[in-house]
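Here are my notebook entries, written as I clicked through the model. Follow along with the structure open beside you.

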Amino acid sequence: MRLTNVLLKKVKSKRIMVVVESVVSGHKFNTVRDRLSDKIECIRFDPFIQKDCVYRERKKIRSA
């Protein structure tokens, strides 16, 4: 009985897709990160201001 429950249990994905937004202009893009890792914060080129700026994770979209 117990083995059946383990085998039929729904598998959780190890990665999730999140929205990352520019702190300066609000430009957004989607990226994938590990479920157990910290929130994403990175420096990336922003096409609206034509310079590098900080992007921060806003929200989870779906499991990837």
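**Entry 1**

I began with V54, which I found in strand β4; strands here are DSSP runs of E with at least two residues, and helices would be runs of H or I with at least four, numbered from the N terminus. Before going further, I noted that this is a predicted model, where local features need pLDDT of at least 70, side-chain atom pairs count only at pLDDT 80 or more, and totals for chains, interfaces and linings use all residues. Residues are numbered from 1 along each chain as its sequence is written, and side-chain values use heavy atoms, with hydrogens and water left out.

Is V54 buried or exposed, or in between? I read a relative accessible area of 31%, so V54 is partly exposed (buried means under 20%, exposed over 50%, partly exposed in between, with a 1.4 Å probe and protein chains only).

**Entry 2: how β1 is paired**

Next I looked at β1, where 6 of the 8 residues are buried. Which way do β1 and β2 run? They are antiparallel, joined by 7 bridges (two strands pair if DSSP finds at least two bridges between them). I picked out I16, whose bridge partner in β2 is R33. The two strands form a hairpin with 5 residues between them, and in the turn G26 has a positive phi of about 90°.

I then turned to β4, which pairs with β1 over 7 bridges, also in the antiparallel sense. Here V20 has E57 as its bridge partner in β4.

**Entry 3: salt bridges**

How many salt bridges does the structure hold? I noted 4, a salt bridge being a side-chain nitrogen of Lys or Arg within 4 Å of a carboxyl oxygen of Asp or Glu. A reminder to myself: side chains of opposite charge can pair when their charged atoms come close.

One of them joins R15 and D34, at 3.3 Å from N to O. R15 sits in β1 (residues 15-22) and D34 in β2 (residues 28-34), 19 residues apart. R15 is partly exposed at 41%, and D34 is partly exposed at 41% as well.

Another joins R58 and E21, at 2.8 Å from N to O. This pair links β4 (residues 51-63), which holds R58, to β1, which holds E21, across 37 residues. R58 is partly exposed at 45%, whereas E21 is buried at 17%.

**Entry 4: R33 and E57**

Which residue does R33 form a salt bridge with? The partner is E57, with the closest N and O atoms 2.9 Å apart. R33 lies in β2 and E57 in β4, so the pair ties together parts that are 24 residues apart in sequence. Both ends are covered: R33 is buried at 11%, and E57 is buried at 9%.

Finally I listed what R33 touches (contact means heavy atoms within 4.5 Å). Leaving aside neighbours within four places in sequence, the contacts of R33 are K14, R15, I16, V18, D38, K39, I40 and E57.
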